[in-house]
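Open the model in your viewer and keep the selection panel handy. We will go from stop to stop, picking out a region each time and looking at what is there.

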Amino acid sequence: MRNVFLPRTFEDLWETLEKEPDAALYAGGTDLLVKIRAGCVDPPCLVCLERLHALQGIREEPDKVFIGAATTHSRLVEHPAIREQFPVLVRGASVLGSPPIRHMGTIGGNIVTASPAGDTLPALYVMDAAVEVRSAAGTRILPIREFILGPGTVDLRKGEILCGVWLNKNLEWNVHHYEKVGRRKAQACSVASLAAVLVVSETFETEKARLAWGSVGPTVVTLQEVEDAIVGKQLSNETLNAASTLVQHGVSPIDDIRASAEYRRYVAGALLTRLADYAAAPIVSMNGSRL
Amino acid sequence: MRIDFKLNGKAIFIDVPPDRRVVDIMREDLRLTGTKESCGTGDCGACTILVDGESRLSCLMLAVQLQGRDITTIEGLAEGDSLHPVQQAFVEHGAVQCGFCIPGMILSAVDLLDRTPKPGRKEIREGLSGNLCRCTGYQKIVDAVQAASSLPTKDESVS
């Protein structure tokens with residue numbers, strides 16, 4: 001039998017972690033409990049963060065938004081401020097797992113699990129998210145791209161927890177896009193995915209672009225050369241087809257049970273070529289980007 | 001460890017190890033075998049229960065997480081001999097084949113209809129996308145949920 005702690009405050013948590021430094025932490029349990037049952041990990045005890053009040057919910061400030069690490073994907077996609085300001089994140093979280101998984105799984109869990117296929121991660125990269133890490137000693141804030149070190153590895157030291165994620169409000173982006181290709185629609189890890197935010201002019205010229213791919217490298221892949229290749233040009237099939245060659249060279253996928261590296265390269269490029277069709281579709285959401 | 005929670009409308013307490021899985025508590029300790037277990041890894045939805053009205057997977061929840069929650073299992077939906085409208089619709093539309101996935105399907109449908117009272121077929125399919133049926137009876141399951149959603153709700157029938 002393992003003890004399972006259910007701290008409600010940071011004081012409770014730090015006390016528990018001091019007594020049980022090797023405890024494994026979880027919130028939704030959709031990753032850790034599967035790994036424990038499969039015998040992949042064998043922690044001496046568990047700390048469930050689902051009742052820790054400070055990790056719950058979304059807090060708005062004038063120019064930024066804080067999402068508590070234990071906020072479930074369902075709560076995230078329902079939240080009006082997130083829907084309005086970060087449609088790219090809403091799209092990522094909406095296709096993660098399945099309804100019950102989204103009711104249990106949390107954004108903090110998706111980040112610390114650091115799977116190359118994590119569905120919220122490409123969106124967090126294009127939004128330049130920063131993560132807030134806390135311990136009994138204090139708080140540090142760092143960009144998500146520095147926090148995630150490799151597959152399943154993040155910059156969390158003993159006694160630290162991921163407290164939440166900060167997003168800067170930026171209404172300039174008028175195209176928000178996330179597309180995932182998997183073996184089936186629900187309950188599937190992506191074979192490749194693409195998050196994109198763009199500033200597209202009235203004459204359909206791309207003025208700014210941020211792109212991030214999932215499942216085609218050890219972590220989320222960003223490619224400056226591809227962004228440079230589409231900025232200042234018409235958002236056309238011609239531009240995107242040319243840039244997709246750069247994508248195929250830039251990504252570094254592996255062969256696994258879901259797909260071959262070769263297929264993933266192809267899909268990573270193809271996802272980019274679909275941006276023009278996507279951006280041309282009618283604009284429906286409050287800030288001018290499609291949900 | 002003593003855990004107090006509400007199960008199918010009744011306040012109860014149990015004394016179980018803190019890391020016992022909720023699916024095992026339901027099936028083995030409380031003998032509520034309507035909740036099924038199939039994959040044990042969160043992929044199939046057979047063990048779906050409602051936690052404060054929201055569908056969750058009892059194979060990926062530990063005992064302590066029940067503390068203070070309001071839990072509904074398939075056994076808690078009918079009122080006496082009168083089936084819940086979603087259960088009734090499943091019967092009427094022949095949505096049940098082997099039956100193993102059905103408790104999870106119905107609880108997911110109840111959650112869906114609570115959030116989206118008049119879902120389209122696409123929304124129904126999305127709402128049930130965490131529940132696998134190996135008899136591949138999805139068509140009739142979707143029919144049943146659609147039929148249940150077109151019944152007047154309690155509020156509507158009063159007015």
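**First stop: a helix pair in chain B**

Select helix H2 (residues 85-92) of chain B together with helix H3 (residues 102-115) of chain B: they pack at an angle of about 130°, and their axes are 9 Å apart. Axes here are lines fitted to C-alpha atoms, for helices over the stretch in contact, with angles running from 0 to 180 degrees between N-to-C directions. Helices (H or I, at least four residues) and strands (E, at least two) are DSSP runs, numbered from the N terminus. That angle makes H2(B) oblique to H3(B); under 35 degrees counts as roughly parallel, over 145 as roughly antiparallel, 65 to 115 as roughly perpendicular and the rest as oblique.

Now show side chains: Val86(B), Gln87(B) and Phe90(B) of H2(B) make the contact with Ile102(B), Ile106(B), Ala109(B) and Val110(B) of H3(B). Two residues are in contact if their C-beta atoms, placed from the backbone, lie within 7 Å. By class, this contact has 6 nonpolar, 1 polar and no charged residues (Ala, Val, Leu, Ile, Met, Phe, Trp, Tyr, Cys and Pro count as nonpolar, Asp, Glu, Lys and Arg as charged, and the others, Gly among them, as polar).

A note on what you are viewing: this is a predicted model, where local features need pLDDT of at least 70, side-chain atom pairs count only at pLDDT 80 or more, and totals for chains, interfaces and linings use all residues. Residues are numbered from 1 along each chain as its sequence is written, while chains are lettered from A and ligands numbered from 1 in the order in which they are written.

**Second stop: the domains of chain B**

Colour domain 1 (2-76) and domain 2 (85-150) of chain B separately; the bounds come from an automatic or database domain assignment. Their C-alpha centres lie 21 Å apart. Domain 1 brings 14 residues to the contact and domain 2 brings 13. On the domain 1 side, strand E3 (48-51) and E4 of chain B each give two or more residues, and E3(B) has the largest share, with 3 residues.

**Third stop: where the chains touch**

Show both chains: 23 residues from chain B and 22 residues from chain A form the contact. On the chain B side, strand E4 (residues 54-57) gives the most, 4 residues.

**Last stop: a helix pair in chain A**

Select helix H11 (residues 237-250) and helix H12 (residues 261-273) of chain A, which pack at about 155° with axes 8 Å apart. That makes H11(A) roughly antiparallel to H12(A).
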